[in-house]
Amino acid sequence: LVFTDPASSYDMGLGVTFWGEDGKKRIRCRISREALADHFSENDRLRPEAAFKKPRPEIEALARRKYLQGQLGPDGTVLIATQGLL
């Protein structure tokens, strides 16, 4: 799973969505707002968008690991949530 698309989108209820690629197949990845706040927001001082951008390579590595382990949602999304993050 590679991450060549720098775009991401934020939804207050869902978190930050970003895209990876497996060959020619696009894979939706999402990190929940709670996971961003709990693990990446520097004591809740960063807004979710900023909390995602700064450690993005680390978040992408988490998504890659979950993807390779087959940990996908019913719709094929890789979800990074607080439970089971570390």
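## About the model

This is a predicted model, in which local features need pLDDT of at least 70 and side-chain atom pairs count only at pLDDT 80 or more, while totals for chains, interfaces and linings use all residues. Numbering starts from 1 along each chain as its sequence is written, and side-chain values use heavy atoms, with hydrogens and water left out.

## Overall fold

Let us start with the secondary structure. The protein chain has three helices and four strands, where helices (H or I, at least four residues) and strands (E, at least two) are DSSP runs numbered from the N terminus. Read from the N terminus, the order of elements is β-β-β-α-α-α-β. The radius of gyration is 12 Å, close to the 12 Å that the globule rule gives for 86 residues, so the protein chain is as compact as a globular protein of that length. Here the radius is taken over C-alpha atoms, and the globule rule is 2.2 Å times the number of residues to the power 0.38.

Along the principal axes, the C-alpha atoms fill a box of roughly 35 × 25 × 20 Å. Contacts (heavy atoms within 4.5 Å) also tell us about the fold: of those with a separation of 6 or more, 42% join residues 24 or more positions apart.

Of the 86 residues, 36% count as buried. Buried means under 20% relative accessible area, exposed means over 50%, and partly exposed lies in between, with a 1.4 Å probe and protein chains only. The accessible surface of the protein chain comes to about 5,400 Å², and 51% of this belongs to carbon and sulfur atoms; the areas come from the Shrake-Rupley method with a 1.4 Å probe, and for residues only the protein chains shown count as cover.

## An aromatic cluster

Rings of Phe, Tyr and Trp (its six-membered ring) pair if their centres lie within 6.5 Å, and planes under 30 degrees apart count as stacked, over 60 as edge-to-face and the rest as tilted. By this rule there are two aromatic pairs. The ring centres of F3 and F18 are 5.8 Å apart with their planes at 40°, so this pair is tilted. Since F3 lies in the segment before β1 (8-11) and F18 in strand β2 (residues 15-22), the pair ties together parts 15 residues apart in sequence. Both F3 and F18 are buried.

F18 also forms a tilted pair with F52, at 5.1 Å centre to centre and 45° between the planes. This pair links F18 in strand β2 with F52 in helix α2 (residues 48-53), 34 residues away. F18 has 0% relative accessibility and counts as buried, and F52 is buried at 1%. Together, F3, F18 and F52 form one aromatic cluster.

## Two positions to look at

K24 sits in the loop between β2 and β3 (25-31) and is exposed, at 87% relative accessibility. Though K24 and E34 are ten residues apart in sequence, their C-alpha atoms are 31 Å apart.

A35, in helix α1 (residues 33-39), is buried with a relative accessible area of 0%. Leaving aside residues up to four places away in sequence, A35 touches F40, I80, A81 and T82.
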